[in-house]
Amino acid sequence: MDQRILERIARQDGPLQSLTREELELEREPFTRDPQPKPVRAWVRFGKTPVTVDAEVCSWTTHAVAIRFTIAGHEFKTWVWSSAVRELPPRPKL
């Protein structure tokens, strides 16, 4: 998606949506935190607008993934269903 369009959506279409505590079930589900986040492409929603973003996986459970991503210099963090996430090839080291 064009970066300018993504910036407009993040600014105007409503807050970034995340799974609820009830959906995450962190008290019952095994939880894993990754010390070296992996690159992914994920579906997220700003308000009611779905978009794909390049992100990093920070943590996960059996059914959900915590991701972080940056738009226009602002870092966003959210939980999404694992089916909303696709692996990307590792980024080359500079």
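## A tour from helix α1 outward

Select helix α1 first: its face turned away from the buried side carries the exposed residues R4, R11 and Q12. Exposed means over 50% relative accessible area, buried under 20%, and partly exposed in between, with a 1.4 Å probe and protein chains only. This is a predicted model: local features need pLDDT of at least 70, side-chain atom pairs count only at pLDDT 80 or more, and totals for chains, interfaces and linings use all residues. Residues are numbered from 1 along each chain as its sequence is written, and side-chain values use heavy atoms, with hydrogens and water left out.

**Next, the other face of α1.** Helix α1 spans residues 3-12, and its buried residues are L6, I9 and A10. They cover an arc of only 95° around the axis, which puts them on the same side of α1. The arc is that of the directions from the helix axis to the C-beta atoms. An α-helix has 3.6 residues a turn, so residues three or four places apart point the same way.

Contact here means heavy atoms within 4.5 Å.

**Pick S59.** S59 sits in strand β2. Is S59 buried or exposed? S59 is buried, at a relative accessible area of 4%. Leave aside its neighbours within four places in sequence, and S59 is in contact with F31, T32, R33, V65, A66 and W79.

**Move to P89.** P89 lies in the segment after β5 (85-87). P89 counts as exposed, with 63% relative accessibility. Select P39 as well: P39 and P89 are 50 residues apart in sequence, but 7.2 Å apart in space, C-alpha to C-alpha.

**Zoom out.** Colour the chain by secondary structure: there are two helices and five strands. From the N terminus, the order is α-α-β-β-β-β-β. The radius of gyration is 13 Å, close to the 12 Å that the globule rule gives for 94 residues, so the chain is as compact as a globular protein of that length. That radius is taken over C-alpha atoms, and the rule is 2.2 Å times the number of residues to the power 0.38. Helices (H or I, at least four residues) and strands (E, at least two) are DSSP runs, numbered from the N terminus.

Of the 94 residues, 34% count as buried. Among contacts between residues at least 6 apart in sequence, 56% join residues at least 24 apart.
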